[in-house]
Amino acid sequence: MTESIKTTCCYCGVGCGIIVHKDRDGKLHVEGDKDHPVNKGMLCSKGMNLHYTVMDTSDRLLYPEMRYNKNLPRQRVSWDQALERTAAVFSTIIEKFGPEAVAFYASGQCLTEEYYVVNKLIKGFIGSNNIDTNSRLCMSSAVAAYKKSLGEDSVPVCYDDIELTDCIFVAGANPAWCHPILWRRVEAAKAANPNLVIIVSDPRVTQTCSLANLHLQLNPGTDIVLHHAIGRVLIEQGDIDASFVHNHTEGFEKYAAKVMERSVEEAAIICGVPAEDIRKAAAYIGASKSFITMWTMGLNQSVIGVDKNLSLINLNLITGKIGKPGSGPLSLTGQPNAMGGREVGGLANILPAHRDLANPLHRKEVEEFWGGKKISDKRGLTATEMFEALESGKLKAIWIMCTNPLLSLPDVRKAEAALKKAKFVVVQEISSKPETIQYADVILPAAAWTEKEGTMTNAERRISYLSKLVTPPGEALPDAEIICRFAQKMGYHGFDYNSFEEIYNEHCQITKGTNIDISALSYDIIKRNRTVQWPYNGDTELGTKRLFTDHRFHTPSKKAIIHAVNDENASEPVSPQLPLILTTGRIRDQWHTMSKTGKVNKLKQHIANAFLEIHPDDAFTRDISEDDIVEITNRNGNVRVKAKLTTSIKRGVVFLPMHWGKILNNDLNRANNLTHTLLDPTSLQPDFKFTAVEVKKY
Ligand code: SF4
């Protein structure tokens, strides 16, 4: 007999619905869920092959392992032994050095219930705010910009707006490869409505550009100059919504003065795009009745990431194209549940339900709800800061959960050296492949997709329930259960849940009265409706499609704030020694650090190895031919891969994919050997998209 479940894809933030079937022999196969509002049956190459990652258990961690000191090999132990020793080590460190000497580094791939309990554990019971996730590397600039401009980390639009809009501006993103099913919807919308205008800004000619009416191939780091120049033309042409600006925004005068500081011609020279193309982009936006801005890592992963976000959101605000069908900012979330993590407060600077850690009233509310310790008013260590603190010895113990920082952090060799110095490392993982494993004092095997239940929230605030179908291999346990068992070993009360639903219900209750209120939402309601968008007050079964339809924002004045941001890039500039700008990113068929997609042979057929994209002119001056091995260098390190000559990248810019890591102890294909730990000062997100390098034939 075949057993089937409805679940959600665990890769990107698009959040496609999947039906998984298990046949009599235990073999799985997947199909897109035709009734799912996001993907309507479609799946991309990664989603279509997801079942292979579950069926191939050859790399799975099956049993807890532990070592008593770093010179001894790890041995298989029972769950009780592993968790009791971990609790003993954590307790000793906390007693001797204080709660800030321990930290949890988690992931945007954790389920909401998992995020909730680990956040509660460290902030409410251990007494430190040292929890951050790899979402810091991904969405934190967008989060900060939403808070600054709209008063809340809230994506205003829904995917259905794609079919309603007549203009989309994709800024620094390649959704055709990185958010494929969302892009299929854009393609279908364009086919149904040829008047739909698509503008793309990107230093590379990507697959996304093939659908664009206008591609602005700008120089890296010049996004704000471009957005301001478009804003200037919109103002000059009278293509703004003066009534909306007057009634529902603040800050327009300063903004108008700021964008007038540079002429369109001057902006065009800085951006490296024709002035008439900037005017054309503004004319398209000005003529449209509705307008979506869409972006992801090109803006977020920058030393000026928050300001880049603000300058783009400004275009929605000055045109009044927000809170209306087909209009608004749509940040494309990288990971499947980065948004769910923010809902439970799973970052070093926030508390549950988007409460502010710096706000004493918010801390008190959460303290009283959890009934644990006083919540510290000190912001916790963020992703990169944790590894710096390990290096300096300030942080003694780190618990890494569902992520592979030794591939994904910037300047990763430094992070590797820091992890070597850590007194105690816990790695909670599904796979034996991540580079972190070799540094683990304790390994805790975790259950994977379809092996546990819980919820996730996609990029349009859509919460979905993920069912369990398969028993985890060996002794692997769901992440939430591991954390709760550990909390109990630490002697903390409030972690004796009888089910994941109980954890979920507690999370829902703590949202009561906030802007993301889902206190009336239960597993049953989500299962009945397949998905629900927050906030949910029970008035409509499907939740809230679109935010700010009353044009009252979540700022104190209820007006959106137009920020007059500066336009200078603050990345390390190029120099005669390091004359090229390296930008990093994804390829179509791989996901992050490849611990899942790397297991699927079909997905290697698209692109099998790491490569460097370089313009033929830059290659020629360096005597580099197609497929030559090249060495990319800077002060941080080096990478050696084959060269791929292409005119689709701007002269002076090179591109490395982010997915590859160590192969047989050779780490020379790891893009983050080169990237910097320069951070946006507000979001503390690293500058992955702009690194000065030199390239030579090897
Ligand atoms: Fe999964 Fe994203 Fe592909 Fe949808 S678009 S199937 S969520 S990877």
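The chain is divided into domain 1 (3-55), domain 2 (65-138 + 337-497), domain 3 (140-332) and domain 4 (580-697), with bounds that come from an automatic or database domain assignment. The model is predicted: local features need pLDDT of at least 70, side-chain atom pairs count only at pLDDT 80 or more, and totals for chains, interfaces and linings use all residues. Residues are numbered from 1 along each chain as its sequence is written.

**Domains 1 and 4**

- Taken over C-alpha atoms, the centres of domain 1 and domain 4 are separated by 30 Å.
- Six residues of domain 1 are in contact with nine of domain 4 (C-beta atoms, placed from the backbone, within 7 Å).
- On the domain 1 side, helix H1 (45-48) and helix H2 (50-55) each supply at least two of the touching residues (helices are DSSP runs of H or I, at least four residues, and strands are runs of E, at least two, numbered from the N terminus).

**Ligand**

- The shell around the ligand lies between domain 1 (3-55) and domain 3 (140-332), because both give residues to it.
- Of the 14 residues around the ligand, Cys9, Cys12, Cys16, Cys44 and Gly47 come nearest (a residue is near if its C-beta atom, placed from the backbone, lies within 6 Å).
- H1 and helix H7 (180-192) each supply at least two residues of this shell.

**Barrel**

- Six strands close into a barrel in the order E23-E27-E24-E26-E25-E28, with mixed pairing (two strands pair if DSSP finds at least two bridges between them).
- Strand E23 (residues 580-585) and strand E28 (residues 691-697) run antiparallel and are joined by three bridges.
- Leu582 has Thr691 in E28 as its bridge partner.

Terms used:
Contact = placed C-beta atoms within 7 Å.
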